[in-house]
Amino acid sequence: MKLSKRQESILEIVNNYGPITGERIAEMLSLTRATLRPDLAILTMSGLLDARPRVGYFHSGKSRYRVVAEKLNSVLVDSVKSVPIVVNEKSFVYDAVVTMFIEDVGTLFVVREGGLLEGVLSRKDLLKTTLGSHDIHNLPVKVVMTRMPNVVHTTPEETVWLAAKKIIEHEVDALPVVRKVPLEDGSEGLEVIGRLSKTNITRLFVELGEGY
């Protein structure tokens with residue numbers, strides 16, 4: 001969160017003299033209370049300051065990084081996920097390469113009937129295969145994909161922070177967003193309903209920086 005010079009000055013005053021009234025802060029900055037009102041509102045809503053009637057403003061004890069961390073822990077994957085790019089498990093590597101090029105993504109999700117997750121194909125998987133001596137027109141994607149249950153995934157209810165940790169820890173570009181669905185044999189499958197990529201997370205950071 002980027003603060004203005006005035007907001008920085010307000011934080012410094014509150015940190016040194018708080019609790020302190022808005023009138024007193026305005027007096028120390030040689031400004032009117034009305035002029036400061038928007039800045040005090042921003043600092044209070046962002047969580048950097050707290051305020052109590054007849055007491056005044058005081059430091060919340062939270063750093064700016066803490067405020068951002070709390071925001072990330074409150075945002076759910078469901079609110080930032082994008083449309084998944086999938087290929088059928090019966091597709092060939094050539095089809096996957098074409099799909100990845102046309103859709104301009106770094107990860108494809110391999111699904112079977114009903115949109116159930118079977119595996120994941122990364123740009124690296126396809127590059128290694130196409131550089132080899134394989135006939136990619138007749139090589140099934142299931143031969144080169146990462147198979148379930150070794151696919152790292154996320155859910156709509158998971159926080160973006162936890163999902164981002166998975167992306168970093170497992171060194172992947174995107175996670176399939178899934179939900180559990182019952183199968184005829186009594187077991188459960190994972191239906192692909194979205195994707196969470198590094199781009200989704202970067203876009204969220206930009207929006208947080210712009211104050212949305």
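Predicted model: local features only at pLDDT ≥ 70, side-chain atom pairs only at ≥ 80, totals over all residues.
Lysine 166, by contrast, is partly exposed, its relative accessible area being 23%.

The count of salt bridges comes to 10. Among them is the pair formed by lysine 81 and aspartate 78, with 2.6 Å between N and O. Lysine 81 is partly exposed at a relative accessible area of 26%, and aspartate 78 is likewise partly exposed, at 42%. Arginine 112 is bridged to glutamate 118, and the closest N and O atoms of this pair lie 2.8 Å apart. A relative accessible area of 30% makes arginine 112 partly exposed.

The domain assignment divides the protein chain into domain 1 (5-64) and domain 2 (73-208). The centres of the two domains, taken over C-alpha atoms, are separated by 46 Å. According to the UniProt annotation, from an unreviewed entry, "domain: CBS" covers residues 80-136 and 145-211. The span 80-136 is 35% helix and 28% strand, and its end C-alpha atoms lie 34 Å apart.

A nonpolar surface patch is formed by Tyr94, Val98, Phe101 and Ile102, which together present about 440 Å² of accessible area. Phenylalanine 101 belongs to helix H5 (residues 93-103). With a relative accessibility of 72%, phenylalanine 101 counts as exposed.

Conventions: Residues numbered from 1 in each chain as written. Heavy atoms only, no water. Domains from an automatic or database assignment. UniProt positions renumbered as here; feature names shortened; annotations may be inferred. Helix = DSSP H or I, 4+ residues; strand = E, 2+ residues; numbered from the N terminus. Patch = residues over 30% accessible without salt bridge, like charges linked within 9 Å, V, L, I, M, F, W, Y side chains within 5 Å. Areas by Shrake-Rupley, 256 points an atom, 1.4 Å probe, with all protein chains shown as cover. Salt bridge = Lys/Arg side-chain N within 4 Å of Asp/Glu carboxyl O. Buried < 20%, exposed > 50% of the residue type's maximum accessible area, 1.4 Å probe, protein only.
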